[in-house]
Amino acid sequence: MASDVPMTPELEQIDGEIQDIFRALQNGFQKMDKIKDSNRQAKQLEDLTGKMKECKRLIKEFDRILKDEESNNPPDVNKQLNDRKQYMIKELNSYVTLRKTYQSSLGNNKRVELFDMGAGSSEPTAEDNIQMASAMSNQQLIDSGRNQMDQTDEAIARSKMVVAQTLEVGTQTATTLTQQTEQMKRIGNELDSVHFSLKKASQLVKEIGRQVATDKCIMGLLALIVFGVIAIIIVKIVNPHNKSIPDIPGMAPPAQSFQTNRKLLSTRAFRGI
């Protein structure tokens, strides 16, 4: 809103400072949408709140000077100056509403009071509230009240949504924990089965080892017997008249010579005559 209202140099200076703050607030709130980090958003919102407090102080100073010079100004000039003041208040209130919206979206429960200009006091004075309210029309007051109710409803809806999301996350977490617990039980049972199988396999290996050792002993004894029999057979063939070695069962005695057989036959024939 361009200022073509006749003002004193002091009022022009205050008006210029207020317009600079409005431009800074506009740029600041535009940057809020580009900031993703909640901590940086809170810091940005705190800086903008400080600018709004300074703007509120300048509007009060503008109103004080306006009242001091009211008797020296024509009625139309006073009306224009009052309209200018109301424009400033309305513009500031729009940024106040915008700040509350961002503050609610950040979930910041700490209230930063805009109209706290008293030294050492954190609450607006009754005079400040009356002055700000008196500068607003009835329709503006109704709209402001409705706006506050809408913001409250939105905050309640966001709170309900957060609660629902929290409950859903809790349910999913409980389900996941139950599944993981069952999985851990199955893994424990499988480990027990593997341990039992390893134990049985170890016992089986030991039994196989014992059987192999027994089979080796038996094979060794059989080999000794075979070698002994073979040795006896060889000795019998080489030296058949060796009486110290008994005959092997199933083997015929060694054959006698032809001359010996003839002598025996002759002797038996002579005796028969």
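**View 1. Helices α1 and α2 pack side by side along their contact.** The axes of helix α1 (residues 9–32) and helix α2 (residues 38–69) come within 9 Å and cross at roughly 160 degrees. Axes here are lines fitted to C-alpha atoms, for helices over the stretch in contact, and angles run from 0 to 180 degrees between N-to-C directions. Helices (H or I, at least four residues) and strands (E, at least two) are DSSP runs, numbered from the N terminus. α1 and α2 are therefore roughly antiparallel. Angles over 145 degrees count as roughly antiparallel, under 35 as roughly parallel, 65 to 115 as roughly perpendicular, and the rest as oblique. α1 passes α2 in a left-handed crossing. A crossing is left-handed if the near helix is turned anticlockwise from the far one by less than a right angle, and right-handed if clockwise. The contact of α1 with α2 has 18 nonpolar, three polar and seven charged residues. Ala, Val, Leu, Ile, Met, Phe, Trp, Tyr, Cys and Pro count as nonpolar, Asp, Glu, Lys and Arg as charged, and the others, Gly among them, as polar.

**Model and conventions.** The model is predicted: local features need pLDDT of at least 70, side-chain atom pairs count only at pLDDT 80 or more, and totals for chains, interfaces and linings use all residues. Residues are numbered from 1 along each chain as its sequence is written, and side-chain values use heavy atoms, with hydrogens and water left out.

View 2. From the N terminus on, the elements run α-α-α-α-α-α. Of the 273 residues, 20% count as buried. Buried means under 20% relative accessible area, exposed over 50%, and partly exposed in between (1.4 Å probe, protein chains only). Among contacts between residues at least 6 apart in sequence, 65% join residues at least 24 apart. Contact means heavy atoms within 4.5 Å.

**View 3. α1 meets α3.** The axes of α1 and α3 come within 11 Å and cross at roughly 25 degrees. That makes α1 roughly parallel to α3. Their crossing is left-handed. On the α1 side, the contacting residues include Leu11, Ile18, Phe22 and Phe29. On the α3 side, they include Leu81, Arg84, Tyr87 and Leu92. The residues of this contact divide into 13 nonpolar, two polar and four charged.

**View 4. α2 packs against α3.** The packing angle is about 165 degrees, and the axes are 11 Å apart. That makes α2 roughly antiparallel to α3. The crossing of α2 and α3 is left-handed. Their contact divides into 13 nonpolar, four polar and six charged residues.

**View 5. The largest nonpolar core has 28 residues.** Ile18, Phe22, Leu25, Phe29 and Leu81 have the most contacts inside this core. The elements that give two or more residues to the core are α1, α2 and α3 (75–105). A nonpolar core is a set of buried Ala, Val, Leu, Ile, Met, Phe, Trp, Tyr and Cys residues joined through side-chain atoms within 4.5 Å. Leaving aside neighbours within four places in sequence, Leu81 is in contact with Val5, Pro6, Met7, Leu11, Phe62, Leu66 and Asn73.

**View 6. Ile59 lies in helix α2.** Ile59 is buried, with a relative accessible area of 5%. Not counting residues up to four places away in sequence, Ile59 touches Ile18, Lys85, Met88, Ile89 and Leu92. Ile59 and Ile89 are 30 residues apart in sequence and 7.5 Å apart in space, C-alpha to C-alpha.

**View 7. Gln19 in α1 and Thr49 in α2.** Gln19 counts as buried, at 12% relative accessibility. Gln19 touches Arg84 and Tyr87, not counting residues up to four places away in sequence. Gln19 and Cys55 are 36 residues apart in sequence but 9.0 Å apart in space, C-alpha to C-alpha. Thr49 is buried too, with a relative accessible area of 5%. Thr49 and Arg99 lie 50 residues apart in sequence and 7.6 Å apart in space, C-alpha to C-alpha.

**View 8. Gln151 lies in helix α5 (residues 138–238).** At 9% relative accessibility, Gln151 counts as buried. Gln151 touches Thr97, Lys100 and Thr101, leaving out residues up to four places away in sequence.
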